[in-house]
Amino acid sequence: MTDSKYFTTNKKGEIFELKAELNNEKKEKRKEAVKKVIAAMTVGKDVSSLFPDVVNCMQTDNLELKKLVYLYLMNYAKSQPDMAIMAVNSFVKDCEDPNPLIRALAVRTMGCIRVDKITEYLCEPLRKCLKDEDPYVRKTAAVCVAKLHDINAQMVEDQGFLDSLRDLIADSNPMVVANAVAALSEISESHPNSNLLDLNPQNINKLLTALNECTEWGQIFILDCLSNYNPKDEREAQSICERVTPRLSHANSAVVLSAVKVLMKFLELLPKESDYYNTLLKKLSPPLVTLLSGEPEVQYVALRNINLIVQKRPEILKQEIKVFFVKYNDPIYVKLEKLDIMIRLASQANIAQVLAELKEYATEVDVDFVRKAVRAIGRCAIKVEQSAERCVSTLLDLIQTKVNYVVQEAIVVIRDIFRKYPNKYESIIATLCENLDSLDEPDARAAMIWIVGEYAERIDNADELLESFLEGFHDESTQVQLTLLTAIVKLFLKKPSETQEETHTYTHTNISPSFDSDNPDLRDRGYIYWRLLSTDPVTAKEVVLSEKPLISEETDLIEPTLLDELICHIGSLASVYHKPPNAFVEGSHGIHRKHLPIQHGSIDTGESPVSAGPAAPIEQAQSVIPSQGDLLGDLLNLDLGPPVNVPQQSSMQMGAVDLLGGGLDSLVTVCMFIFLYLLSLFPQIWLPAVKAKGLEISGTFSRRQGQMYMDMTFTNKALQHMTDFAIQFNKNSFGVIPTTPLPIHTPLMPSQSIEVSLPLNTIGPVMKMDPLNNLQVAVKNNIDVFYFSGLIPLNIFFVEDGKMERQVFLATWKDIPNENELQYQIKECHLNADTVSGKLQNDNIYTIAKRNVEGQDMLYQSLKLTNGIWILAELRIQPGNPNYTVKHPRLSL
Amino acid sequence: MIGGLFIYNHKGEVLISRVYRDDIGRNAVDAFRVNVIHARQQVRSPVTNIARTSFFHVKRSNIWLAVVTKQNVNAAMVFEFLYKMCDVMASYFGKISEENIKNNFVLIYELLDEILDFGYPQNSETGSLKTFITQQGIKGQHQTKEEQSQITSQVTGQIGWRREGIKYRRNELFLDVLESVNLLMSPQGQVLSAHVSGRVVMKSYLSGMPECKFGMNDKIIIDKAGKGGVTNEAGKSTSGKQSIAIDDCTFNQCVRLSKFDSERSISFIPPDGEYELMRYRTTKDIILPFRVIPLVREVGRTKLEVKVVIKSNFKPSLLAQKIEVRIPTPLNTSGVQVICMKGKAKYKASENAIVWKIKRMAGMKESQISAEIELLPTNDKKKWARPPISMNFEVPFAPSGLKVRYLKVFESKLNYSDHDVIKWVRYIGRSGIYETRC
């Protein structure tokens, strides 16, 4: 007997017939009918009208029939909510069944029925099942909580299911633990800050224990969850790594990749000099290579991930380039990915082998693959200088094959080689010129024209060659037109004609086609050249023939902040697409961005630009920033009428202050906040162009609508354009980190400047800095990484809700021990109490009370820092001698 | 997590469709058909994103299995799950074909309900699945309470792959070391890359819950034992045999990984019946069973002369079998004349290759084939890509040099000992991708 007959049914009156069969007295007949219904459903026919008849078959002791009915219910309950209620009783009854398989089946199915009325009835059975004696029921119930949360999140919270789920993490059965972890991870994704999973060392230990015992899938859930944990120090990180490394030998590639993810993240926390760090690096390589002997789809996922790993930590696979050699029968998607990794791993040591391989690939059949191989040869030439000569000759050989697309691709890469090594390989130009006619792609034509223009003085018939392109000028793509225009001007400047008249006619006839163009860019460029040439050929020469900046060695690198985020997503779709999850996931899931953990303690001096910067450049950069005193003096000369005066003049009486824990007398600076906010009014140059290869950054900090911002102006004072900007902060006293990546998306052209406003928050890691408000910043672009530091005016940390209740203020004020009190005086301030209070209020320093004692105005003030510390102050104003008393309690840290 | 799973036939008709998540609509089924199965160009990635919905697919003969999701799922897990799904189906009803799927669609739905819950893969061991998902479907009612709880504890338990109370009259073990040797050689005979990927496949028919320990001539262990200079036994085992360096190995989930990590010993409670115990990879000191020496000469534009010599490189007492050499020919071949010393050779126009077959060949022998290929003149400027010459064979030894040192069985509760178990070991080396460029 086979089931395939159910797929073939007569069309006419089918539903009617099925209805009759579903109500047949014989059990066997009914089962047959339900099978037909399911078959029809699979093919996409609408059989929802049979709902009551199918539900009638539910009350049965035949498990197979029951499952079929449930399958039907899951599909159609939503469209027939009222009818679906009929099924509730049967579910509730099944949840009490002595057979655990039936209990689990009921609770599993009920969770899949997305009808509000049914969900209400689900709560009680679910609660029981979460505490069921049978682990099979408990593991099903754990997933059911996630299902319910997807339907009605509020209900799950109200009913306390989240707590029950958390309890299951300590369950004795590993599979229950794994499913509870999976459910909690999914739920917590929609509440990014809720700390639902509550990953603490005890729980981590439970997870690591379950890891050894549960199914391969459970291991994946647990490892993915572990990767979100931030160990408190390197010892904890190391001990977790030690317990995760055995997973690298698992046969399931997903277990291996998830383990790699955990290890890659925690490696950040281990000191680079330690033996363990190096052993771990060595252990990562073999499993990654083994992934390449799996099925092609897994190979593809592995290769996409290896591409990321190689960029992040090239040392892991640098010896393994051979395994990325392409096999003749690899599917094309595997071939293309392997090629990418080969180029990344190419170095002087292996270049000979790599080139031999690439040459082999360039003769294959698949056009995309061949093109990529040719491009790769060019990239090798640029990357490994010693091999350039061999690469060029290989490219020449390929050009000789006369295969159209090979020739064109080769010419494009040769242009880049010329840019990298000017005046070295011009001898091959003649060969290139032979292929002029076969170039039909804009990229290749533009490349060829560029070469002719650039080396016009060495090509005898350069004018003829360019003229041949001019004939069809209007049919060319813009890219070709623009290059052609420039090439013609170059040619003219390099080989000036004899007489003035000739000059005139030459340029006019050749440049004029651009004047009629519809494209404003082209037209403008044409006119500019024309005017330049006709007024001042010497300047024209300086402009057009100016020296070009060299092109960089590495191309196609993923921007570092994105790379770090992707490393946190190893194994997942994000790592396959090389895009952050929010680029392809809708709704609340995945919006929460992941970061690599940052090493505690000493500043990492490694080459990775991510982990803050080396100390030395920061010191240099610091000297660039004018010392506070000078700056303040300047500011005050501008007579802005601040409520206080220059610090040098104020006499301070300092108590033993313990403000942020650990004798931060630098908060002396204490109440520097009063005037430091002035800093925010004037942009300072943080990074001068001379120190940053032409990049100048100036900026200020500010607080607007309760949000902190770092407002910066980036100016490109170099000759080349700048791209791939990224910013990163070192750990600092207030845990300030950017909330978004640097919003510079377009290349910054020479002498262009761009203003950006970077929103900040204070959820980053905290480390005490000296001075307290010092912020060390690393900025990266396509040229290099630069470091600078700046002082954050404290007032941006004053939150809007810093106004303390009067009563609370009074009580707190009294409780402050005397030794926490600090006093100092500010002289020569000629403002009255109201003005002071108004000015302070603008910076979220609130006046709670005011009284007059013996002719002196007393102001009581409160403010709150982003890290929750309250500062209370008493300000006594005497004409000519305002006496400032600061008291502050430590409320939280 | 996994939002839904669809199975299509080669025409793109849906055979199975199971949706786990509310964000996946019926239109997802059509989107995959239109954009992937019916796509004009050949698919160039196993992962496709269509309108912010991601599709993962694998193909088995002409059946498409597709997983659909809108979330950032673990991609490796999805593919591993699809492979597992294929294994489970195959073990239930054999080959994955349209007919078999249609015949078993009720069973497949039942399996999908069990092994994926809300898109999370659950227990997928066929051994335990078969105890409660049966084609008869009525077993549920006749089980005793003990049987039921035994099922659930096995499905969720630590040893999900083996049930209690297995009994055999004869305790027997079959161990196959299956290796595939891969080679890429330059025309000059330089090894560009070579590696062996091996599998240890076991068939165990053992009573009770036996504890097994497997040992091989792994360099790390043997060096360890040698260095310790412990007992006479260690001295004996290291002296004669050579050890091999294993680059990496992966294990069946029954093997205790933490024990391997700390002591490098392979201990496990085996599943019942046939399973793959481990996979490994070696790259050093590989015995390449055959050497292929190609010689291609282009005589004018319409003729090619090809001569290929193969040399066997192993003990003369051993016999290689099923030898096949495949010499690619250009697309514009009009006729071929072949002469070979041994075996049979034929030009297969449909495959664009000369296929030379030899039934058996002893070690340290040599044989050759020569062919004249006539070409049709063409205007095609593109040069012939010259695909590599590939080879297939089977040899009765492990090209990596791996040797099984012991396989011990302990079952404390039942009264049989390691000596009572009958053990069989067999080594088979096969060609993987064994290519020589010409």
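1. Is Arg108(A) buried or exposed? Arg108(A) is buried, at a relative accessible area of 4%; buried here means under 20% relative accessible area, exposed over 50%, and partly exposed in between (1.4 Å probe, protein chains only). The side chain of Arg108(A) meets that of Asp113(B) in a salt bridge, 3.2 Å from N to O. A salt bridge is a side-chain nitrogen of Lys or Arg within 4 Å of a carboxyl oxygen of Asp or Glu. Arg108(A) sits in helix α7 of chain A and Asp113(B) in helix α4 (residues 105-115) of chain B, so this pair joins two chains. Asp113(B) is buried too, with a relative accessible area of 8%.

2. A word on conventions, friend to friend. This is a predicted model, in which local features need pLDDT of at least 70 and side-chain atom pairs count only at pLDDT 80 or more, while totals for chains, interfaces and linings use all residues. Residues are numbered from 1 along each chain as its sequence is written, chains are lettered from A and ligands numbered from 1 in the order in which they are written, and side-chain values use heavy atoms, with hydrogens and water left out.

3. Now the interface. Chain B and chain A bury about 8600 Å² between them, 55% of it on carbon and sulfur atoms; buried area is the accessible area (1.4 Å probe) that two parts lose on being put together, summed over both. Arg44(B), Arg52(B) and Asn72(B) supply 8% of the area that chain B buries against chain A, more than any other three residues. The contact (heavy atoms within 4.5 Å) takes 92 residues from chain B and 106 residues from chain A.

4. Charged pairs deserve a look as well. There are 13 salt bridges between chain B and chain A, and Arg44(B) forms a salt bridge with Asp368(A), with the closest N and O atoms 3.4 Å apart. On the side of chain B that touches chain A, α2(B) gives the most, with eight residues. Helices (H or I, at least four residues) and strands (E, at least two) are DSSP runs, numbered from the N terminus.

5. Helix α2 of chain B covers residues 75-93, and its 19 residues reach 27 Å from first C-alpha to last, close to the 27 Å expected at 1.5 Å a residue; the expected span is 1.5 Å times one less than the number of residues. Of the 19 residues of α2(B), 16 are buried, so the helix is largely enclosed by the rest of the structure. After α2(B) comes Gly94(B), with a positive phi near 80°.

6. Lys128(A) and Glu96(A) meet at 2.7 Å, N to O, with Lys128(A) in helix α8 (residues 116-130) of chain A and Glu96(A) in the loop between α6 and α7 (100-111) of chain A, 32 residues apart. Lys128(A) is exposed at 53% relative accessible area, whereas Glu96(A) is partly exposed at 48%. In chain B, Asp30(B) pairs with Arg33(B), the closest N and O atoms being 2.3 Å apart. Asp30(B) and Arg33(B) are three residues apart in helix α1 (residues 27-37) of chain B, and are therefore separated by about one helical turn.

7. Lastly, chain B overall: its secondary structure comes to 10 helices and 23 strands. Its C-alpha trace spans about 80 × 70 × 35 Å along the principal axes, and 54% of its 438 residues count as buried.
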